[in-house]
There are 4 protein chains.
Amino acid sequence: MEIEIATIGGYEEVGRQMTAVRAGDDIVVFDMGLNLSKVLIHDNIETEGMHSLDLIDMGAIPDDRIMNDLEGDVQAIVPTHGHLDHIGAISKLAHRYDAPIVASPFTLELVKGQIEGEQKFGVDNDLVEMEAGETMDIGDDVELEFVNVTHSVIGAINPVLHTPEGAVVYGLDKRMDHDPVIGDPIDMERFREIGREGEGVLCYVEDCTNANRKGRTPSESVARSELKDVMQSMEDYDGGIVATTFASHIARVKSLVEFARDIGREPILLGRSMEQYSGAAERIGAVSFTNDLGMFGHRKSVDRAFERIMNEGKENFLPIVTGHQGEPRAMLTRMGRGETAYDLEEGDKVIFSAGIIPEPTNEGQRYQSEQLLRMQGARIYDDVHVSGHLRQEGHYQMLDTLQPDHLIPAHQNMEGFSGYVSLAESQGYEVGHDLHVTSNGNTIQIVE
Amino acid sequence: MEIEIATIGGYEEVGRQMTAVRAGDDIVVFDMGLNLSKVLIHDNIETEGMHSLDLIDMGAIPDDRIMNDLEGDVQAIVPTHGHLDHIGAISKLAHRYDAPIVASPFTLELVKGQIEGEQKFGVDNDLVEMEAGETMDIGDDVELEFVNVTHSVIGAINPVLHTPEGAVVYGLDKRMDHDPVIGDPIDMERFREIGREGEGVLCYVEDCTNANRKGRTPSESVARSELKDVMQSMEDYDGGIVATTFASHIARVKSLVEFARDIGREPILLGRSMEQYSGAAERIGAVSFTNDLGMFGHRKSVDRAFERIMNEGKENFLPIVTGHQGEPRAMLTRMGRGETAYDLEEGDKVIFSAGIIPEPTNEGQRYQSEQLLRMQGARIYDDVHVSGHLRQEGHYQMLDTLQPDHLIPAHQNMEGFSGYVSLAESQGYEVGHDLHVTSNGNTIQIVE
Amino acid sequence: MEIEIATIGGYEEVGRQMTAVRAGDDIVVFDMGLNLSKVLIHDNIETEGMHSLDLIDMGAIPDDRIMNDLEGDVQAIVPTHGHLDHIGAISKLAHRYDAPIVASPFTLELVKGQIEGEQKFGVDNDLVEMEAGETMDIGDDVELEFVNVTHSVIGAINPVLHTPEGAVVYGLDKRMDHDPVIGDPIDMERFREIGREGEGVLCYVEDCTNANRKGRTPSESVARSELKDVMQSMEDYDGGIVATTFASHIARVKSLVEFARDIGREPILLGRSMEQYSGAAERIGAVSFTNDLGMFGHRKSVDRAFERIMNEGKENFLPIVTGHQGEPRAMLTRMGRGETAYDLEEGDKVIFSAGIIPEPTNEGQRYQSEQLLRMQGARIYDDVHVSGHLRQEGHYQMLDTLQPDHLIPAHQNMEGFSGYVSLAESQGYEVGHDLHVTSNGNTIQIVE
Amino acid sequence: MEIEIATIGGYEEVGRQMTAVRAGDDIVVFDMGLNLSKVLIHDNIETEGMHSLDLIDMGAIPDDRIMNDLEGDVQAIVPTHGHLDHIGAISKLAHRYDAPIVASPFTLELVKGQIEGEQKFGVDNDLVEMEAGETMDIGDDVELEFVNVTHSVIGAINPVLHTPEGAVVYGLDKRMDHDPVIGDPIDMERFREIGREGEGVLCYVEDCTNANRKGRTPSESVARSELKDVMQSMEDYDGGIVATTFASHIARVKSLVEFARDIGREPILLGRSMEQYSGAAERIGAVSFTNDLGMFGHRKSVDRAFERIMNEGKENFLPIVTGHQGEPRAMLTRMGRGETAYDLEEGDKVIFSAGIIPEPTNEGQRYQSEQLLRMQGARIYDDVHVSGHLRQEGHYQMLDTLQPDHLIPAHQNMEGFSGYVSLAESQGYEVGHDLHVTSNGNTIQIVE
């Protein structure tokens, strides 16, 4: 059976991921993501009403015109998890394919939100829920399996396509977490079986985000332990404490909620995306934030919440807000500018439970947000966080576990791939033979 | 009562700490440390047989000739904890003073070791044990108190000199740890009392090692959590695993010992300083590594231990060895060079549970050690560690707690002080008035 | 005679410089500058119509209320050169003092521009022109002298106050340039004399901008040589070339103009500040850009210039434009956004003859500007530049030349001072004695 | 005609360059270099007496066993210039091939030195001198041409193999210098012709050393201008001045010699490699250091020279010595350790006219050397230097000039290639198609 892999997006940068695997006549598409920074560099652009081709020209969504060259039918569109760089182009591209969108419950919930917000296209692909551990037939001879993995969002899976030639494992995005706070640990046992059974692993596509970093990415339980330590150190403080994190990072939000209560404060989620993601997590039953946890997204209800906090005393609350990257319109940035009712005072604490995305525009915005907070007297606790992506020793362990015949580094540019290529070469792979260093818009013939 | 503080060593660099406080006619000396890097830049120098003045000329030990200018009698020499930059010059300088050495049990045990190793001078000062929480009279009107603090070595205290003019708090070295794995949490309650009682705090000398770093130094429990995560991820590995850390960091050694057993391996301490420090900790009862924990320091017994490991199978052991900075003669470096019986193989794991001391010579040695280990196939897990020194938010909390009249930044050079000076200025202190930015060999008159 | 120095602004940051020296009953004020970044962090603020006190509260201009504590009369206000951080607050503060503004011709020309643009205050201090090498009596016993120095703007001098107690040398801002392209070399011979004559140098205030950088700041002739090399390498290119630099850096603008002609292109200055500074330089006769050099500042005339360039062929021109830091409204940024008639094409060259001011907000803007240019195909030549400030070996040479009794580091924060303090200490100065590490709002009594 | 390129060494690291091009039955080998760092990490190894296979196993010289797979005869071995990473393995590998060594006069002179020093192998290949601009037949249908390029050593050429399928241009190592101080500018005119004539350029192998650096590498004339500025600033100094640079960098040595005389000092070359390289340059007539320029390499004659300098007065000399990287046994390091008769005093100047090779071991040694010099009072002027390798805009210009069908990045590891790959992709090349990202030991079939 011919096996071909089209590396459509996300092989020259982080963002707008899209990969297609053709096995015989059947094609499965993994991820359809957005590269938001390509949008933001232009002033005043709203993507909701834009046409796909314009977004392709901007480099914001994958250029899927290469799909015409693959001879076969798309049988499924499979987003691996709910981050925008993996699902953000579904509303712009999925309607072109007569295929269901197959995803884990939380991811599917977020895909629904994307489709509802879309103004240009009507997207009516079937939405099929599939849990980690389950499988689905793709044509006659191929099977799609979801293996449970761990990442900075719940509901992440690695899809595996079982073909007569061996398994194709699409490894985006994950870290190796044996104690992930919410949900099950990464299913290394299943990966080990896949490495050994049948024809073994034909091809492995790897998440190279952290491929240039040594060592092992710590577990979410380590971030939780650090966050606990930070918040305990504030137990005696009787002024304001504010926290921010990725709204989609439900496990982190859960830790913040719990530790807030441990130190006698009422947690309260503020900001549109806080409400969206945590609401989605509640709907699928991943968390049961009890009824008294406020979540407010709309401007007016946020304003009312801030007023209530000021009235009842800042010392009784932990607002958990958007703005961890200093985004100009996010809640924390507005607090820094004094545009909310929340009054920051000398000594008040702000916890950034997030890393800084290393891009100069972003670093500038984040710096400016911190400066504004400091000008009001805030004390900053930054980088209380661990990454959601494997580092080199995780990559080594995956190679050791799967023993793949072919490797395709993904989710980075060439510089980002370099650490992975060095690792793979040290394990006997060769560029141009079984180690496919590629870029957007290419097709790799694995089995002819 | 006149109060004067002589900043003798450690105010232009990290290393060779020494500070004297004169209260009326009585003087207490805090720390007498060594700056090892000033020795190592010269080839083939052994300090044991060297004279004090030569070591002073090299910048290796404090230039205590300034003590002649202080009009009073030294009543006590008080090392705050057992690191060499705080006790390493006792054997060269203490005999000049007719005063006891007063220290916590673990620190005193290490001071004894220093004195025994000395070849040039006979040091016969009284050795007086004093626990955290205890006090001692200094002359008629002054009292010395030990407040329990937390650092990367056990037995650390902050000495406080209670004078009629207020308390002088000597704040070297610490982090603020509420869950330190061994021993009690930092005694913030007592610091709060000292800040409020009597005349309050007259002067505070602060450890500025990390004064340019934002946020809070995590607790040892966070390092423990990360170490646990790293070692659990190796549970299924059936080859060699080796760990290295600071020999004096008993809490970390304890965690390594425990997690080794958790993953079914026998821990074994190898290297001269591993034996010394852990032996000292056992003698004072801080740990009770059960009888079956091997500790080997002498070359021959280390060699025998490695042979036993190879005979019984590397997969059954966790050697915990010296060499975390790539020191040329330390155990791990020798393993990298293939000079021990321990056979490193492709895939074997090496855990550096230590940070890299940021100095180019050191960074070069550490890099070279890693290269040698990698050439034999080792996988490196580095920086599984947290620092033992306060960062900015810890400094802020200490200021808030003690509300001192005067501040003296210490344990750094001018660049290192800068973050602390900025912080202090933002809290209303002024350089030249109540914020004393100073250097080695100065005397600051606090009360005339 | 009592000598007192008030360090009013620019001793905790770069920007808003102001220092007053009192010699007996007479006071001279050096510099009155603006810290623009304190303004820009707020949205939509125009300083022209703002009151001094509001600008002081923002940290944008020096807090000169401390001047009330100096017992004496201000006899002169002396801006050392025309950069905004040295003259930008004159229009907000000078009218409070009954004293002339004394400056070199070019600096004075720029001060006039500032005063004309002011909308809130009427500033009618006398404007007195004084050349390097000239002197002026201040009261009966004191003399003010201008020594020629070299900086990244023409007309820079170091004022020296000759008092009966020795000379007070105000050393901001300079590098040591023996071949400065425009104007005379730094007058080291005169500094040597000042160091030796009479009572020698009582006090030296030093520009510490680059105090943490090793080595020597190269001459403007080295930047010229590099710029020549860059432009010669483009000689055969037949598309667009654009250059940007500091508008006030007349020597650099001159080099750009000359090399443009060398490679057969017509230089043309575009942007409001390009017109202002080069116009001022022409008026005082520092340059004679012949009549055919276009300078356009107003939007409409700039637009026409771009249209002419496009009509006559980009290959015939070198636009020299504003925007070297990526300022959002500057000319080059607008070109990157496609908001001008100038059509950037694949392969066109953009020369940044300027360094990046190392502040995250700024770095983000500059990065974004470069990204926009690259998106249009531009090739970037960045950092074709040398700094205008002394590095460590220049500082060493000044110390060696002047042999001052007292030192005051300026034009940085504490971290920035640290390299200078280390240098001074290595030369025998002591913090708290003759090395005055200070901050804004302090007064240092040099002679009582 | 089949064209095949074997990337034998230097495609995973800087060092041990070797590339073979097969055109039909004829093979030409470009470079045979040494990776010295692979030797130095082992203690006490002397390569002179070592066997090739041991050096191959260490990764010190290219693994040329892959040459057996190329079906054809080696017709020439062509070192492109005289640096060790390009000629250092000739004495270990060339005797295996029945082919002449063809090189420019200076390179050939250095190759002779290598061969004479070799103790293990007898190397008796013919040595053929060929100047830039000349050509040589290789078999019937292929011609070898030398194009003049500019690098940090004189005598550098880029060999071009003219085949019926187009030209193969081997682009290692160069910068684009239009004013190189010694010798002719880079021959861009000839490159332009090669790009246009016949079949154009089939394949270009590029030097990626600086591929991740923006902008353009300055000309040697810029380094000369900076060096002149530094030395002029020392004109009045009446103590010791010492300079160090790459011994092979004859243009830089020449500038040092000339500027020494300009400031009234006698230059004198000290250290074994200083004597060797400058001697070789004199022999081929590239420089005519007049008879009174002392060059001393042997220990005794160096010692005598230092004694003479001290006797006649340091202020009359400029020793130009080895040791720019802090190599432990080099002359400058020995001066820092006080092991020579030259007495460094407070204020003496040391000029490092060289960059630091960015590798931690090296950085540690260099730092230590500087520390030792500073401990004796020396003032350091570092990095008075420009690189010899193209940066991104040079790469862009070469692509624009040659318009090659295929590209092979070389002289780096994968991370180092990344900037070049991004550039090439932006110009329409595709990895896996016409952009060959490869590693050591591969063969690329360009024409089948």
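By what turn and what shift along the axis can chain A be laid on chain B? The turn is 180 degrees and the shift 0.0 Å, with an RMSD of 0.0 Å; the superposition is least squares on the C-alpha atoms of residues with pLDDT of at least 70 in both copies. The two copies are therefore related as by a two-fold rotation axis.

Some bookkeeping. This is a predicted model, in which local features need pLDDT of at least 70 and side-chain atom pairs count only at pLDDT 80 or more, while totals for chains, interfaces and linings use all residues. Residues are numbered from 1 along each chain as its sequence is written, and chains are lettered from A and ligands numbered from 1 in the order in which they are written.

Now the contact between chains A and B. It takes 22 residues from each of chain A and chain B, where contact means that C-beta atoms, placed from the backbone, lie within 7 Å. On the chain A side, helix 7 (220-232) gives the most, with seven residues. Strand 17 (379-381) and helix 13 (392-402) of chain A also give two or more residues each. Helices here are DSSP runs of H or I with at least four residues, and strands are runs of E with at least two, numbered from the N terminus. By class, that side of chain A has seven nonpolar, seven polar and eight charged residues. Nonpolar is Ala, Val, Leu, Ile, Met, Phe, Trp, Tyr, Cys and Pro; charged is Asp, Glu, Lys and Arg; the others, Gly among them, are polar. The copies meet through the same surface, because 100% of the interface residues of chain A are also interface residues in chain B.

Next, chains C and A. Chain C superposes on chain A by a rotation of 180 degrees with 0.0 Å of shift along its axis, RMSD 0.0 Å. Within chain C, C:Gly364 comes closest to that axis, its C-alpha at 2.4 Å. This contact takes ten residues from chain C and ten from chain A. The chain C side divides into four nonpolar, five polar and one charged.

Last, helix 10 of chain B, residues 299-312. Which of its residues are buried? They are B:Val302, B:Ala305, B:Phe306 and B:Ile309; buried means 20 or more other C-beta atoms within 10 Å of the residue's own, and exposed means 12 or fewer. What covers them includes strands 13 (266-270), 14 (294-296) and 15 (317-321) of chain B. The face turned away from the buried side carries the exposed B:Lys300, B:Asn311 and B:Glu312. Just after the helix, B:Gly313 takes a positive phi of about 110 degrees.

Conventions
Contact = placed C-beta atoms within 7 Å.
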